[in-house]
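Please have a look at it first.

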Amino acid sequence: MGNIIIYLCLLKALSRPAPSPVPRSGKEGLAMNCYLCGIILPNNSILWAESVNREFVRGYTIDGETEEKIYQDLPLCMIRSSQLYIKKFKGIYDYSFRNGLNFIIKDITYYIDFKIFIVRRIHNFNQKPFNKHPLQSKKRTEILKILLEQYASRNSEFNVVSLMVHIHSSKYFNHPDKDAATSLLKLYLESFVESGEIIKTQGINYKLTGKAIVTLEAYENAEEKHAENIRLQKVITFATIVIMFLAAIQADLIKMPIIIDLTGWWKS
């Protein structure tokens, strides 16, 4: 019975294999309806399944050093339901199943499709008011603050997309102005690369440098000094007006009205 469940699960999942990489945005992402299917082996590596018959699963593992695909056949009788790793991609959403029985109950009965349908409806309802407002661009100092808050403590890498999600949330993916906003943010990141606050790593990723903290502190000190100068100018202006006003009164240029006349008080 266990082998039949595993066979049916693999057969269903492999009927719609996921491409590599799986698109997670745009029209291609919305069109996704596929599965990523694997077997968790005793050494915790994963055999990525490509085909199945009544006796064997044909798939490959990835060599940790060379990253080459190592193909092998795994007998169905050696696979337990808990070893199945199946991930469904439906539009821009995805769902991982814990085991074969979980996959049978929630996928073959279309429970997951219905759940994703409801989530998508709620998402679209919340997306409409978000799309009515333009994506507000951040200033250079604000972007640097976000970078330090999100990535400095873990010293982790980031890219334009992950930073856009931190700034605008995942709703940004479906905003009509996302391309223009993304291009502008990329220009900011390139300017940080040129001035040394971040560096490029592999591919499209970036990483913070120690100069980012120095630059931000310089920005904040300059802003505090500017704010203090404005406060000082206001105080000086107010004091000047008061002094000029008092001087005008002494020179009888301004006559102050008598609020209470006390000249006859002693006679009473």
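Which residues do ring pairs link into a cluster? The cluster is made of Tyr35, Tyr95, Phe97 and Phe103, joined by ring pairs, where rings of Phe, Tyr and Trp (its six-membered ring) pair if their centres lie within 6.5 Å.

Before I go on, a word on what we are looking at: this is a predicted model, in which local features need pLDDT of at least 70 and side-chain atom pairs count only at pLDDT 80 or more, while totals for chains, interfaces and linings use all residues. Residues are numbered from 1 along each chain as its sequence is written, and side-chain values use heavy atoms, with hydrogens and water left out.

Six aromatic pairs are found in the structure. One of them joins Trp48 and Tyr85, whose ring centres are 6.0 Å apart and whose planes stand at 80°, so this pair is edge-to-face, the word for planes over 60 degrees apart, whereas under 30 counts as stacked and the rest as tilted. Trp48 belongs to strand 2 and Tyr85 to strand 5 (residues 84-90), so that distant parts of the chain, 37 residues apart, are linked; helices (H or I, at least four residues) and strands (E, at least two) are DSSP runs, numbered from the N terminus. Tyr85 has 24% relative accessibility and therefore counts as partly exposed, which lies between buried, under 20% relative accessible area, and exposed, over 50% (1.4 Å probe, protein chains only).

Another pair, Phe158 with Tyr206, also has its ring centres 6.0 Å apart, but the planes are at 25°, so the pair is stacked. Because Phe158 lies in the loop between helix 5 (140-152) and helix 6, and Tyr206 in strand 8 (residues 206-208), the pair ties together parts that are 48 residues apart in sequence. Phe158, at 1% relative accessibility, counts as buried, and Tyr206, at 3%, counts as buried.

Tyr206 brings us to the second largest pocket, for it is among the lining residues, which include Asn159, Lys186 and Glu190. A pocket here is an open set of points on a 1 Å grid over the protein atoms alone, where a 1.4 Å probe fits, with protein on both sides within 12 Å along at least five of seven lines, and lining residues have an atom within 4 Å of a point. Helix 7 gives the most to this lining, with three residues.
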